[in-house]
Amino acid sequence: MTQPALFRPIRVGNLDLANRIVIAPMCQYSAEEGQMTDWHLIHLGQLALSGASLLTIEATAVLPEGRISYADVGLWNDATEAAMRRTLEGIRRWSEMPIGIQLAHAGRKASTDLPWNGGAQIAPDHAHGWQTVAPSAIAFAEGQNAPMALDRAGLERVRDAFVASALRADNLGLDLVQLHGAHGYLMHQFLSPLSNRRDDDYGGSLENRMRFPLEIFDAVRAAFPKEKPVSMRVSGTDWVEGGWDVEQTVAFAKELERRGCSAIHVSSGGLHAAQQIPVGPGYQVPLARAVKAEVGIPVIAVGLITGFEQAEAIVGTGDADLVALARTILYDPRWPWHAAAELGATVRAPNQYLRCQPRQFKNLFESA
Ligand SMILES: Cc1cc2nc3c(=O)[nH]c(=O)nc-3n(C[C@H](O)[C@H](O)[C@H](O)COP(=O)(O)O)c2cc1C
């Protein structure tokens, strides 16, 4: 029987992935002073047993003021690195799943409360709040404290922080860095004309708006070992008239490919309060398809990919090379096992769990 497309191996840069299912980055709002806690060991640990081919650590702030909330994970000093090392040692002892990290700066969307407390912005003069920064002094939503526009020194500080975090990620033995250029956070704020109103070299034309994210990419790519992949997550559109759109995304993706980017992960939205997102099964897949038509590097689709046949079709028809799962795999952490059973493939399972293989799915498990 031919191997289902979803379970064919693939290379991202020099990283061999066992199948086409990757775990999307997911903020847990459970860190203390940027340091991972036992929650991260529990959460990432269980996902590392899922049979997916890559685990991606949540949006990890490169600077304290780049956190979305005060409980975000960071990687900006020895204490945050040591906490992550402890988590990773726990996971690696029991799982061989490659692990990547999403490096991020929230820009004007930083300094918020936790989602389960409403997620509102916290003003700089309140506990757990701070002054945000952005390309331009335009607040994300009306009534919010406006960000401070970054000056040249500020841009360098942010770029250098991405590099420093990438070097710490390498020290930790992480296999891949994904830069967060999506969801209305700092890099996306530079890309979109709705949030970037600068009149210097970093604003105005598409070339200028792409400049800072590309400078970050180049600096990280130069610092992170060349045998390890650096990828970019993008929003394929703002879903707002006059905003960032799929044509600009394609131009950005081509430029990234030219500079050595290993993969493009295509999400959408998050930049503007007026966004109109046509949410539905696989609603972002057409954006991934548009990027895939123009680049040669692997493209990852994400967003309401919940069905096994749906995922198989996305990869099998060439809409994207990989699928990323977020809510889907939180809801069903054994989704890749269930997909393999349904599609007639083999998946890696921990030795401790081999005895649970259902009788009707012979050869489902490959021992870890
Ligand atoms: C709990 C949670 C946390 C998330 N955190 C991040 C994040 O840290 N970085 C990011 O780029 N996207 C984040 N997202 C978005 C997901 O990665 C994903 O793109 C989105 O949820 C759509 O995929 P899904 O339909 O499988 O959930 C998060 C989503 C959820 C549900």
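Which polar backbone atom is 2.8 Å from a nitrogen atom of the ligand? I looked this up and found that it belongs to Cys 27. I take a polar contact to be a pair of N or O atoms within 3.5 Å.

A note on what I am reading: this is a predicted model, where local features need pLDDT of at least 70, side-chain atom pairs count only at pLDDT 80 or more, and totals for chains, interfaces and linings use all residues. Residues are numbered from 1 along each chain as its sequence is written, and side-chain values use heavy atoms, with hydrogens and water left out.

One oxygen atom lies 2.6 Å from a polar backbone atom of Leu 304, and an oxygen atom is 3.0 Å from a polar backbone atom of Pro 25. The protein covers 83% of the 600 Å² of accessible area that the ligand has on its own (Shrake-Rupley method, 1.4 Å probe).

Then I turned to the surroundings. I found 16 residues around the ligand, and Cys 27, Gln 102, Arg 233, Leu 304 and Arg 327 come nearest (near: a heavy atom within 4 Å). This shell holds nine nonpolar, five polar and two charged residues.

Last, I looked at cysteines. I found zero disulfides, a disulfide being a pair of cysteine sulfur atoms within 2.5 Å. Cys 261 is buried, because its relative accessible area is 4%, and Cys 356 is partly exposed, because its relative accessibility is 44%. Here buried means under 20%, exposed over 50%, and partly exposed in between, with a 1.4 Å probe and protein chains only.

Note on methods: A polar contact is a pair of N or O atoms within 3.5 Å; within protein, one must be able to donate a hydrogen and the other to accept it, and residues adjacent in sequence count only if both atoms are side-chain atoms. Ala, Val, Leu, Ile, Met, Phe, Trp, Tyr, Cys and Pro count as nonpolar, Asp, Glu, Lys and Arg as charged, and the others, Gly among them, as polar.
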